[in-house]
Amino acid sequence: MNDTPTTIARLSGWRWTEVTLGLTVAAALLVPRGAMTMLAVLAFVAALEALLRCRLDGWALLKPDLVASAFLGLGLLGMFSVLWQAAPAPALQHGAALCINVLLTWLLMHCLAGADRDTHRHLARAALLGFVVGLALLLFELATEQLLHRLLFNIWPDVRPAKTTYFERNGLVVKIRFEQINRSVAMVALLAWPALVIARDVVVGTGQARRTLWGWLVLTALATAIVAQIALSGHESSKLAVLASVGIVGLAWLSNRVAGWTLRIGWLAVVALVVPLTLLAFQARLFETTALQDSGRARLIIWGVAAEKALQAPWLGVGAGSGLLLDAAEAQSAPVLAGQPIKARTGQHQHNVYLQVWYELGLAGASILLIAGWLLLDRLARLPPMSQGVLFGCFAVAASMAGFSYGLWQPWFQAAFAWSFLLAMLWTTSAAGSGGQNMPSTLDGQHNK
């Protein structure tokens with residue numbers, strides 16, 4: 001008797017997911033503001049192929065997971081903060097975006113959980129190809145003052161960003177501000193470790209299958225391109241994040257246990273102590289340190305003012321997104337700090353997710369964030385030992401980036417962390433000797449099932 005679903009599954013394969021993965025990774029690097037859209041496109045294609053292959057377990061999707069539930073809880077708290085927000089901010093929209101990013105990642109992990117290791121290898125290579133193409137185009141953009149983006153803005157004016165980000169002549173975009181490429185640089189930094197280890201397995205090999213000197217040369221060239229893209233940019237947060245991750249990976253090479261507990265203690269310290277530490281730095285007027293760049297001094301001012309305001313609403317905060325509107329309302333009356341790059345303001349966001357959570361969601365939000373990160377680190381520590389060092393490095397990049405760059409409620413920034421998570425998990429399940437045949441749903445540590 002013909003088994004129609006099986007026949008369809010055999011014809012469909014996972015080819016569309018592979019192609020979509022490669023394209024969306026490249027697109028997310030080039031147009032990082034679309035990272036959430038790219039994640040949604042990939043999730044849709046993967047879900048469709050999983051259904052065709054009868055590999056999507058609807059009941060498993062409804063099974064609670066502590067890590068995913070914790071991050072989802074942070075988004076729900078953001079949504080519910082509409083009940084006490086201090087300004088008419090779109091709290092529902094902000095919280096919903098975080099919930100959607102978490103759920104898209106959850107769906108993707110479940111869709112791919114039914115694939116075997118060979119499929120994961122193909123998917124990992126597709127992701128690597130997309131990363132390499134995107135990185136090459138970004139290096140071209142860096143060398144040509146963002147020629148591709150200028151061409152896009154001139155051909156399709158409707159997609160132009162705010163006028164403050166570029167310069168016009170006779171209606172044509174002739175120059176884009178250098179810092180506009182920083183979002184792409186942040187994406188490169190977040191995806192760097194997964195891309196490098198996938199490339200290592202592809203061009204160098206593992207175990208007894210190690211290849212020639214050419215493989216190492218190719219891997220070195222990729223690492224050099226990543227370092228060049230980050231180093232030549234003006235995004236200091238990415239540079240700091242990568243340096244921090246190198247230290248953690250080096251520590252993990254000596255001892256996974258020590259690296260894991262270093263991250264746990266660091267996570268506890270940064271979430272619990274961010275308010276007093278930034279407040280002390282502000283009161284000590286460290287922003288007057290001339291050795292710091294303008295961006296660094298501005299951050300110290302933003303952090304200090306936000307810390308002061310966080311103490312005024314310590315339990316539930318001012319509400320998701322309210323900080324932006326409160327800052328706009330106080331912009332004209334904000335105190336001027338002589339010789340400093342900005343007034344004493346909180347800014348559009350705090351360039352520090354931990355402080356922003358305290359300011360906008362209070363102790364309740366900070367507690368959820370602390371628990372979510374701790375649970376995630378616990379899951380990482382229970383994965384195969386050979387994977388832990390790289391995964392700890394990925395966590396270090398993400399945690400450092402969250403501490404210095406962008407804001408919690410930017411959907412693309414949330415999705416950037418999801419992309420890093422997805423590529424890292426593709427590697428762990430595709431790597432030879434990983435000890436697992438199937439991809440774990442989220443980070444449940446249930447490898448080798």
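Start by selecting helix α11, residues 236-254, in this predicted model. Glu236 and Lys239 both sit in this helix, 3 residues apart, which is about one turn. Show their side chains and you will find a salt bridge, with N to O at 3.2 Å. Glu236 is partly exposed, at a relative accessible area of 29%, and Lys239 is partly exposed too, at 22%. Side chains of opposite charge can pair when their charged atoms come close.

Next, pick Arg285 and Glu288. These two form another salt bridge, and their closest N and O atoms are 2.7 Å apart. Both ends are partly exposed: Glu288 has 39% relative accessibility, and Arg285 has 41%.

Now move to Lys309 and Glu330, whose side chains meet in a salt bridge at 3.2 Å, N to O. Which parts does this pair tie together? Lys309 belongs to helix α13 (residues 294-310), while Glu330 is in the loop between α14 (322-329) and α15 (353-381), so the bridge joins parts that are 21 residues apart in sequence. Lys309 counts as buried because its relative accessible area, 19%, is under the 20% cut-off. Glu330, at 32%, is partly exposed.

Arg264 lies over the face of Trp261, 4.6 Å from the ring centre.

From here, turn to the rings. The whole structure contains 9 aromatic pairs. One of them is formed by Trp261 and Trp374, an edge-to-face pair with centres 6.0 Å apart and 70 degrees between the planes. Trp261 lies in helix α12 (residues 256-283) and Trp374 in helix α15, so this pair ties together parts that are 113 residues apart in sequence. Trp261 is partly exposed, with a relative accessible area of 40%, and Trp374 is partly exposed at 31%.

Then select Phe282 and Phe287. Their ring centres are 5.4 Å apart and the planes meet at 35 degrees, so the pair is tilted.

For the last stop, select Tyr406, Trp412, Phe413 and Phe417. Ring pairs link these four residues into a cluster.

Notes. Residues numbered from 1 in each chain as written. Predicted model: local features only at pLDDT ≥ 70, side-chain atom pairs only at ≥ 80, totals over all residues. Heavy atoms only, no water. Salt bridge = Lys/Arg side-chain N within 4 Å of Asp/Glu carboxyl O. Helix = DSSP H or I, 4+ residues; strand = E, 2+ residues; numbered from the N terminus. Buried < 20%, exposed > 50% of the residue type's maximum accessible area, 1.4 Å probe, protein only. Phe/Tyr/Trp six-rings, centres within 6.5 Å; stacked < 30°, edge-to-face > 60°. Lys NZ or Arg CZ within 6 Å of the ring centre and 35° of its normal.
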